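User: I would like to go through the labels used for this model. Please set each value against its cut-off before concluding.

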Amino acid sequence: MLVVANQKGGVGKTTSTVNVAAGLAQLGQKVLVIDLDPQGNASTALGVEHHRGVPSTYDMLVEGRPLVEVMTECADLPGLWAVPATIDLAGAEIELVSVVAREQRLARAIAAHPLVGSAAEVGDDRFDYVLVDCPPSLGLLTLNALVAGREMFIPIQAEYYALEGLGMLLETVEMVRQHLNPDLVISTILLTMYDARTRLAAGVAEEVRSHFGDQVLKTAVPRSVRVSEAPSYGQTVMTYDPASAGALSYLEAAREIASKGAPA
């Protein structure tokens, strides 16, 4: 299970979630995306309905509805499922404050799904990957994801401010690891909006690689108009323009993630 998080907005977090998920599905994996961002951008890009009244992550976290009742298959991509986020989720942070074990809600909902677990426990029909798209903040929703997850996937923009704020995220991860989820590891870092023509992008990439080593994927995703356009058509770039540089980069990133496997 990959938790896609970065409290800095505009780093390509949702874009990376949906396109890596689509890439994994195209590589034959069975993938579930859980949209935990009240803006519902991942739901838009995956072409799943997320207006008020649609069964969503809010119903699962606050009302306790089973995960199996709120997920839906994506029409364009066989093997890819999504749990949409509606605007109701914006109030979930406040509503969950008084709930017992409030930071465990997502972990319990996911663990209760019959197709989540190891192949030995669940069989070959299981989900190979669960990706959680977090809101750009370190609130209770993101905390739920960090408690539920095993691996963290951090998209980092190849720009000057990219490493600012990363320190705060790493401190939060360390705190979660100490108190709530000792199994959490940062397994994957993806450089996004990469402009190979600039020395700045190369400098940021070098700094990120020197900090994180093998956790940084070899593939960097370039700035791409096609990647930005795709959600307005209710699609990922993988189906909107499969031959574009952005789609090919995300497919390569998905291939790297799949070949790396789970951390020991």
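**Labels and their cut-offs**

User: Which residue is the bridge partner of Y194 in strand 8?

Analyst: The partner of Y194 in strand 8 is P222. Strands here are DSSP runs of E with at least two residues, helices are runs of H or I with at least four, and both are numbered from the N terminus. The model is predicted, so local features need pLDDT of at least 70 and side-chain atom pairs count only at 80 or more, while totals for chains, interfaces and linings use all residues. Residues are numbered from 1 along each chain as its sequence is written, and side-chain values use heavy atoms, with hydrogens and water left out.

User: What makes strand 7 and strand 8 a pair?

Analyst: Two strands pair if DSSP finds at least two bridges between them. Strand 7 (residues 185-194) and strand 8 have 3 bridges, in the parallel sense, so they meet that definition. In general, strands of a sheet pair through backbone hydrogen bonds, either parallel or antiparallel.

User: Why are strand 3 and strand 8 said to stand at the edges?

Analyst: The open sheet has 8 strands in the order 3-4-2-5-1-6-7-8, with mixed pairing. Strand 3 (72-73) and strand 8 (216-222) each have a single partner strand, so one side of each has no neighbour in the sheet. Helix 1 packs on this sheet, touching strand 1 (2-4), strand 2 (31-35), strand 4 (80-83), strand 5 (129-133), strand 6 (151-157) and strand 7. The direction of helix 1 makes about 165° with that of strand 5; such angles run from 0 to 180 degrees between N-to-C directions, with axes as lines fitted to C-alpha atoms, for helices over the stretch in contact.

User: What span is expected for helix 1, and what span does helix 1 reach?

Analyst: The expected span is 1.5 Å times one less than the number of residues. Helix 1 (residues 13-26) has 14 residues and an expected span of 20 Å; from its first C-alpha to its last, helix 1 reaches 20 Å, which is close to that expectation. Of its 14 residues, 12 are buried, among them K13, T14, N19 and L24. Helix 1 is followed by G28, whose phi is positive, near 95°.

User: Why is S56 called buried, and why is K260 called partly exposed?

Analyst: S56 has 1% relative accessibility, so S56 counts as buried. K260 has a relative accessible area of 36%, so K260 is partly exposed. S56 lies in the loop between helix 2 (41-45) and helix 3 (57-63), whereas K260 is in helix 13 (residues 245-260). Contact means heavy atoms within 4.5 Å. Apart from neighbours within four places in sequence, S56 contacts V70, V83, P84, A85 and T86, and K260 contacts S187, T188, D214, Q215 and L217.

User: Why is the pair of Y233 and Y240 called stacked?

Analyst: Rings of Phe, Tyr and Trp (its six-membered ring) pair if their centres lie within 6.5 Å; planes under 30 degrees apart count as stacked, over 60 as edge-to-face and the rest as tilted. The structure holds 1 aromatic pair. The ring centres of Y233 and Y240 are 5.0 Å apart and their planes are at 20°, so the pair is stacked. At 54% relative accessibility, Y233 counts as exposed.

User: Which residues touch the most other members of the largest nonpolar core?

Analyst: A nonpolar core is a set of buried Ala, Val, Leu, Ile, Met, Phe, Trp, Tyr and Cys residues joined through side-chain atoms within 4.5 Å. The largest such core has 51 residues, and I34, L106 and M152 touch the most other members. Helix 8 (residues 140-148) gives the largest share of this core, 6 residues. Another core of 34 residues lies apart from it, including L131, L190, V227 and I257.

How values were computed
Buried < 20%, exposed > 50% of the residue type's maximum accessible area, 1.4 Å probe, protein only.
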